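This dialogue takes up a protein model and asks how its features may be read.

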Amino acid sequence: MRPTARSTPVAFTTDDYAARMKRAVEDAVRAGLSGLIVTPGPDLAWLTGYQPHLTERLTMLVLSPDQEPTMLVPLLERRDAEESGSASLISIVDWMDGDSPYEAARALLRHDGQFGISDSAWAMHIIGLQQILPGIGYRAITECLPMLRATKDPRELERLEAAGEAVDAAYNDVIGIRFAGRKETEVASELAGLLRLHGHEQVDFTVVGSGPNGANPHHGAGERLIEPGDTVVLDFGGLVFGYGSDTTRTVSVGESQALTRKVHAIVMQAQQAAVEAVRPGVTCEDIDRVAREVITDAGYGERFIHRTGHGIGMTTHEPPYIVKGESQPLVPGMCFSVEPGIYLPGEFGVRIEDIVTVTESGVKRLNNTSRALQIVE
């Protein structure tokens, strides 16, 4: 098992961050907002390149059409903020331990109107801002600007492609290890090591759902001993160059059961049909419907118990969501999973997942390992 060799992608530039902040302000205005309050998390990292410690101390970027980007930071973290990739674009204001950060925030915000605020904002900070500025209303950024980070630029796509290659390499290695007679946790630990070997700086999840545990889509990994004849769902991923990987394959330990082969064929057909339906202008719910119709027509509609997919980028789950009721049309640069599944309680589950990106003419898979039912030892 050799590590996957890949070059470091081109770094994001000041121009990249400037364009993102400009677009965020324009989107906020179109949404009827006075501006955005962005706290530590993926939105702040995407907009500025700054990823501070996640602590109780208030850090917030304020973006609005009537002032330059301004970030409030704890004094002890000012130097870190000044060294971020977009520091030259941002006016930095600090506050000192012992003083009220909300008083410092008062001067940065209009005293009325509505602001979009990060989903990751701490409740204590929202309450503190409300007390100091009772005329302001707040809306979650995911609610008012759900597609803020959904369309990836070429440098983001480069990172997602590297993540796809790395997670594929881990799968190609893990199917060569022994499953039978080992605990799910042991296989999950080995899988995590393979993800790191192939370039993941962070491993977020390693689902190993054997036999009846595979009927729970988010089982994780437990103490169950994997047995010959088991169907095993493997769902795993993490971060490569700060961007996410996520793939699912279903394997059989030794000779597969007839029912497993039948269900796997249905899921593979549903996944293929949904991927082939991806193209600009088609809506998210259209993709969900295509996958669901295949499974429903085969008699397993009630056993497909989750959405068909989710967006991916700096986080594993983000808009767009491939689900009924999401009328957002697909546009080039969107990246999301296509992962239909069938789950038979007390027996087994089957899921097949690839990350795809919307292209100008259709779709490109970022995962390219075999989707066939793999036999493992």
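This is a predicted model: local features need pLDDT of at least 70, side-chain atom pairs count only at pLDDT 80 or more; totals for chains, interfaces and linings use all residues.

Q: Which residues does Phe-336 touch, not counting residues up to four places away in sequence?

A: Contact means heavy atoms within 4.5 Å. On that basis Phe-336 touches Val-278, His-310, Gly-311, Ile-312, Pro-320, Ile-322, Leu-330, Asp-354, Ile-355, Val-356 and Val-358, with residues up to four places away in sequence not counted. Phe-336 is found in strand β13 (residues 335-338); helices (H or I, at least four residues) and strands (E, at least two) are DSSP runs, numbered from the N terminus.

Q: Is Phe-336 buried or exposed?

A: Buried means under 20% relative accessible area, exposed over 50%, and partly exposed in between (1.4 Å probe, protein chains only). With a relative accessible area of 0%, Phe-336 is buried.

Q: Which peptide bond is cis, with omega near 5°?

A: The bond from Pro-319 to Pro-320 is cis, with omega near 5°. Pro-320 is found in strand β12 (residues 318-322), and Pro-320 is among the residues that Phe-336 touches.

Q: Which side chain makes a polar contact with the side chain of Arg-351 at 2.8 Å?

A: A polar contact is a pair of N or O atoms within 3.5 Å; within protein, one must be able to donate a hydrogen and the other to accept it, and residues adjacent in sequence count only if both atoms are side-chain atoms. The 2.8 Å contact of the Arg-351 side chain is with the side chain of Tyr-343. A polar contact of 3.0 Å joins the side chains of Arg-351 and Asp-235. Arg-351 lies in strand β15 (residues 348-351) and is buried, because its relative accessible area is 3%. Leaving aside neighbours within four places in sequence, Arg-351 is in contact with residues including Pro-217, Val-233, Thr-248, Arg-249 and His-306.

Q: Where is Thr-247 found?

A: Thr-247 is found in strand β10 (residues 247-253) and is buried, with a relative accessible area of 1%. A polar atom of the Thr-247 side chain lies 2.9 Å from the backbone oxygen of Glu-353. Beyond four places in sequence, Thr-247 touches Val-167, Leu-234, Asp-235, Phe-236, Glu-353, Asp-354 and Asn-367.

Q: At what angle do helix α7 and helix α8 pack?

A: Two packed helices are described by the angle between their axes and the distance between the axes. Axes are lines fitted to C-alpha atoms, for helices over the stretch in contact, and angles run from 0 to 180 degrees between N-to-C directions. Helix α7 (residues 154-174) and helix α8 (residues 184-197) pack at about 135°, with their axes 8 Å apart. That makes α7 oblique to α8; angles under 35 degrees count as roughly parallel, over 145 as roughly antiparallel, 65 to 115 as roughly perpendicular and the rest as oblique. The contact is made by Val-167, Ala-170, Asp-173 and Val-174 of α7 and Leu-191, Leu-194, Leu-195 and Leu-197 of α8.

Q: Which residues in α9 and α10 meet?

A: The axes of helix α9 (residues 258-277) and helix α10 (residues 284-297) come within 8 Å and cross at roughly 155°, which means that α9 is roughly antiparallel to α10. Ile-266, Gln-269, Ala-270, Ala-273, Ala-274 and Ala-277 in α9 meet Ile-287, Val-290, Ala-291, Val-294 and Ile-295 in α10.

Q: What is the phi of Phe-241, and where does Phe-241 lie?

A: Phe-241 has a positive phi of about 55° although it is not a glycine. Phe-241 lies in the loop between β8 and β9 (243-244), and is partly exposed, with a relative accessible area of 28%.

Conventions:
Residues are numbered from 1 along each chain as its sequence is written. Side-chain values use heavy atoms; hydrogens and water are left out.
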